[in-house]
Amino acid sequence: MYRNLTIRQKQIVWAWAFLALPVLFYCVIRFYPTGNAIVISFQDWNLLGDRTWAGLENYRKLAADPVFWQVFRNTFVYLLLGTPVSLVISFVIAYHLDKTRFMHGFLRMLYFLPFMTSAVAMAWVWRWFYQPVPIGLFNNALASVGVPQFPFLRSTTWALPSILAPAVWAGLGFQIIIFMAGLRAIPRSYYEAARIDGVSTWTVLWEITLPLLKPTIVFIVVFSSIGFLRIFDHVFNMTSQNPGGPLNSTKPLVLMIYQTAFSSFDMGYAAAQTVVLFLVLLVVSLLQLRILRDR
Amino acid sequence: MAATDEIRATSDSLLTTEGPRRPANAGQLTRWTLLFLGGVLMVMPIAYMISTSLKWPHEVYNLKLIPEEPTIENYTYVLEDGRFYWWFVNSLIIATITTLSNVFFDSLVGYTLCKFRFPGRYIVFIAILSTLMIPTEMLVIPWYLMSQQFGWLDTYWGIMFPGLMTAFGTFLMKQFFETVPDDFIEAARIDGLNELQIWWTVAMPLVRPALAALAIFVFLGNWTAFIWPLIVTNSVEMYTLPVGLSSFGDEADVAWELIMTGAAISTLPTLVVFLIFQRFIIRGVVMAGLKG
């Protein structure tokens, strides 16, 4: 039967034979669960008891939950601190690294190495750094020069930036490499023309380099924003005796989802939170693409 | 074709240090020194992790980077305990199988979407691409329920199944198969190869750099994956390295030199791989970053 088919028909058979298993996978492991999460978000279900329809109850509960608003705020603080800080640092390093010839590969390796580490492992290392005297490295260093102790993870004000630091640190290497690729893609003739015109380095940076780097900047902003909005590993592992503490001051949305679903087993409520996360990611990415592309 | 060459050229130029050599002046010297100090600062956490893992307990809180009497006692202790050994093996098995699966399926799907013309092609492509927008966290609850129903909790399959194929990998491979000339495929067809043979023996070898980039990303991602393995495993023997490390929870009764040893065990393999294949990996990051 196969022999009687035309070449075009044979191609269709082959294509669907190749796609059969993957299409099944995407339906069962991606699309069905997405729909399922949305359905569960309208139900009341604690995993052991019955599933009952709750309508918008979970969303109403969310809007009235002060912890949720604290968590929502924290999530955006991670985003609004993390994205600009890592963007500026990685650009400055990439810009200068790009102009450095001597031991270029070695320097690049130093900056890229943290990207290859595991977040959980490095969360432990940083957590050790942040401990009070006589354990923590930072406080020991401060003590040795006579500066008073810094609370780091124990302060409701400083715990969040302290957790953000290793997250920014781990991502810098990737952003630097992407920035350098973007910088190398700018045609040299632009710079040569600017040099002939005697334009200052600063003007070249603002008028040539940055505008031509816009696609790279858009990519890095969107990519790193998604990462900061979904922060979890660092928070969970640096505050593990009281995840998200002290006093929920470091708790991001993903951690709240994890606790609601797998500590309280309130599946409906947790599913509603995941829908909110999905919407936040969608809106933030679309807004960024819009704003950055138009300018 | 042109796009890949361009990216290859960009990533190659990243790796070479051509360009006019000017005599070093004070400005360049300052720039180099600052960059060097910044780089040293970047690797400090890793250096302290390794250094502490080689220290005796009484030396741990000493700020010195070089241990006075280096010891591998911590490693012997941690590995003899057995747990880290198991977690290492689990992580290795899971990351390896997931990587192989992604390399196989993502490129098969990418190739099909790129080189075949068939009804439904566009819909399948858009459908797969749209899954990029769905965050993993939205799927963990349904995945957990599914695993519970089918008895996948606390098994390798349970840890692996969500990541066996990725839209990112499929999209990456599709982009790269665009660079394989249709004439090659046509010629192979005339030679009497079937479509499976054409994909595997003609097209796949031509996109090897992309396959390597994909493999590196998937392996690193699964080696360090945390939230899903944390949810799906219950018994200590099924933990992966990150889940095992995080299970030490309370810092009050933590022996920091042993934790640092555990952290080093879970980080060193990827660092060593990076140091060996540095050029290759950086090129892969650029390709994946710009294409994906």
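**Ground rules.** I number residues from 1 along each chain as its sequence is written, and chains are lettered from A and ligands numbered from 1 in the order in which they are written. Because the model is predicted, local features need pLDDT of at least 70 and side-chain atom pairs count only at pLDDT 80 or more, while totals for chains, interfaces and linings use all residues.

**Chain B overall.** I looked up the secondary structure of chain B and found 15 helices and zero strands. Helices (H or I, at least four residues) and strands (E, at least two) are DSSP runs, numbered from the N terminus. Of the 292 residues of chain B, 44% count as buried. A residue is buried if 20 or more other C-beta atoms lie within 10 Å of its own, exposed if 12 or fewer, and partly exposed in between, with C-beta atoms placed from the backbone.

**Where the chains touch.** I found 75 residues of chain B in contact with 76 residues of chain A; contact requires C-beta atoms, placed from the backbone, within 7 Å. On the chain B side, helix α2 (residues 26–53) gives the most, with 13 residues. That side divides into 51 nonpolar, 17 polar and seven charged residues. Here Ala, Val, Leu, Ile, Met, Phe, Trp, Tyr, Cys and Pro count as nonpolar, Asp, Glu, Lys and Arg as charged, and the others, Gly among them, as polar.

**The core.** Which residues have the most contacts inside the largest nonpolar core? They are Val125(A) and Ile177(A), in a core of 159 residues. Such a core is a set of buried Ala, Val, Leu, Ile, Met, Phe, Trp, Tyr and Cys residues joined through C-beta atoms within 7 Å. Helix α7 (residues 159–184) of chain A supplies the largest share, 17 residues. I then followed Val125(A): leaving aside neighbours within four places in sequence, Val125(A) is in contact with Pro45(B), Tyr48(B), Met49(B), Met260(B) and Ala263(B).

**Two helices of chain B.** α2(B) and helix α14 (residues 256–276) of chain B pack at about 120 degrees, with their axes 8 Å apart. α2(B) is therefore oblique to α14(B). The residues making the contact include Met49(B) of α2(B) and Met260(B) and Ala263(B) of α14(B). By class, this contact has six nonpolar, three polar and one charged residues.

**A helix of chain A.** Eight of its 10 residues are buried, so α12(A) is largely enclosed by the rest of the structure. Among the buried ones are Leu253(A), Tyr258(A) and Ala261(A).

Key: Two residues are in contact if their C-beta atoms, placed from the backbone, lie within 7 Å. Axes are lines fitted to C-alpha atoms, for helices over the stretch in contact, and angles run from 0 to 180 degrees between N-to-C directions. Angles under 35 degrees count as roughly parallel, over 145 as roughly antiparallel, 65 to 115 as roughly perpendicular and the rest as oblique.
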